[in-house]
Amino acid sequence: MPHSLSHVVSSGRTQEIIDPFTGESMAAMPVSTADDVRAAHERARAAQEAWAALPAAERARPFLRLHDAILDRRAEILDIVQRETGKARRHAFEEVLDVAGCALYYARRAAGLLAPKARKGIFPVATRVVELRHPKGVVALISPWNYPLSLGVSDVVPALLAGNAVVHKPDTQTSQSTLWTIDLLVELGMPREIWQVVLGEPADISDALMDGADYVAFTGSTKAGRKIAEEAAKRLIGCSLELGGKNPMIVLDDADLDVAAQGAIRACFTNAGQLCISIERLYVHESIFDAFADRLVRQVEAMKLGAGRDWSVQMGSLTSKRQLDGVVAHVTEAVDKGAKVLTGGRARPDLGPLFYEPTVLTGVTDDMALCRNETFGPVVSLYPYSTEEEVVALANDTIYGLNASVWTGDPARGRALAARVKAGTVNINEGYGAAYASYDAPMGGMKASGLGRRHGVEGLLKFTEVQNIATQASWLGFDPPMGMPYEKYADVLAGLLKTMKKLRLK
């Protein structure tokens, strides 16, 4: 067995995975039983204490090295990600950039974020308070198939830097990128046992995965996220959930139409639309609707589709037949109910078994599944609007609130409108990258799009338990001194508190 496959805790069963570009068998991956998952938790917990005892700066060293190492060896991992997912090479490269940037951000900041923090006590000088951060213990991390490198590794890194061990369940179809990264990090000095990997169907191993965890981090569907939240609540453990989206893009009447149309190509069709922060609803001011639609259609029809390592390809394949079937069902139903296809709208078996053309529709209405349900494919619907009030209401008329995009020639106007959109990230004159790749700022969803945040301070500290240690001076306590009557003590204490306020000591 290749060394990377040995990282999977498995009793020996295997599952075939398919190359999306060809439909042919690509590998037989080991899968795990519930007992295997329990064994992974035991190994992780045994390794975690020694890992947590290391200074945070020492824990960070392999992840500082990861930045350059993954960039230097990008050709290897790009090949793996493409074969697993079917995405275009340029979109696989976004994953490499994400892992490098996120690892560097947290490796440089972990020691400072985790260091003891002095906090103000109730009485200046007399009360000394220190905030400590302790690791949760063992984190169960469940990552999806659509961005296997990015959404797996970039969440594991802060969990490990916080002093935890991780039991990671990537999707079986796209698990080889995780295993390759573990190999690389072990070469760079990471202890092998702190990152355990299990594979298998949720019905078979999810109970064991949850039962052994002190915290759960999940990226995936809203339906699955609700179940994980329920199970975490039963055990009174924390969880973070990045879930689905039906993300809006708003083109204001002062936007540069050529720039906005080009931006929509990235926003809607990166990774064939299989991106939780991808744009699926595109609102265009009525005064520029026809002109924008014409530009967008021309640019979409000029897109280059294809398989393989050609950097000029603008969109690759869907990843599974389930995804293709879902896209076909959404578009077919919409057209049957009166929607109009401006371009696309058909599968492309001539390119590969899972290819579907980038598709733009108009006339999509509430009675169509495409209108409100996440399609998760290369499909976007155009809608005209009249006023800012109307478009804000339309953008917010969804159970989701993950990502949004505003295009305008006046950034201040765009920021003012963005603040009214109920989404965890809003990008001005970009579809998703500006907010997502700014690692110093939190990223996550409102409403049914999730709980908690990745990135920023919270993206690391969510994997810790906070502890408050307060030391009180013996010469000033919380009882009346030297036999003073309590009523007199209350007067003195009230006066002292008012004086401290006046002197801005509190």
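This is a predicted model: local features need pLDDT of at least 70, side-chain atom pairs count only at pLDDT 80 or more; totals for chains, interfaces and linings use all residues.
Student: How many residues does helix H2 have, and what span is expected for it at 1.5 Å a residue?

Tutor: Helix H2, residues 56-72, has 17 residues and reaches 26 Å from its first C-alpha to its last, which is close to the 24 Å expected. Look also at Leu66, where H2 bends by about 35°.

Student: Which residues of H2 are buried?

Tutor: An α-helix has 3.6 residues a turn, so residues three or four places apart point the same way. In H2 the buried residues are Ala56, Arg59, Ala60, Pro62, Phe63, Leu66, His67, Ala69 and Ile70, and these buried residues pack against helices H1 (34-53), H3 (74-85), H4 (89-114), H5 (148-161) and H6 (176-187).

Student: Where is the largest pocket, and which residues lie nearest its centre?

Tutor: Rolling a probe the size of a water molecule over the atoms shows where empty space is left. About 1500 Å³ of space lies in the largest pocket, which is lined by 43 residues, with Trp145, Phe218, Ser221, Ala224 and Arg322 nearest its centre. Helix H8 provides the largest share of this lining, six residues, and the lining as a whole divides into 16 nonpolar, 18 polar and nine charged residues.

Student: Which helix gives the most to the lining of the second largest pocket?

Tutor: That helix is H4, with four residues, while H5 and helix H15 (433-436) each supply at least two. The second largest pocket holds about 250 Å³ of space, and among its 16 lining residues Glu94, Asp98, Tyr432, Tyr436 and Ala437 lie nearest its centre. By class, its lining has 10 nonpolar, two polar and four charged residues.

Definitions and conventions: Residues are numbered from 1 along each chain as its sequence is written. Side-chain values use heavy atoms; hydrogens and water are left out. The expected span of a helix is 1.5 Å times one less than its number of residues. The bend at a residue is the angle between axes fitted to the seven residues ending there and the seven starting there. Buried means under 20% relative accessible area, exposed over 50%, partly exposed in between (1.4 Å probe, protein chains only). Contact means heavy atoms within 4.5 Å. On a 1 Å grid over the protein atoms alone, a cavity is a set of points where a 1.4 Å probe fits but cannot get out, and a pocket is an open set with protein on both sides within 12 Å along at least five of seven lines; lining residues have an atom within 4 Å of a point. Grid points are joined across faces, edges and corners, and a volume is the space filled by probe spheres set on the points. Ala, Val, Leu, Ile, Met, Phe, Trp, Tyr, Cys and Pro count as nonpolar, Asp, Glu, Lys and Arg as charged, and the others, Gly among them, as polar.
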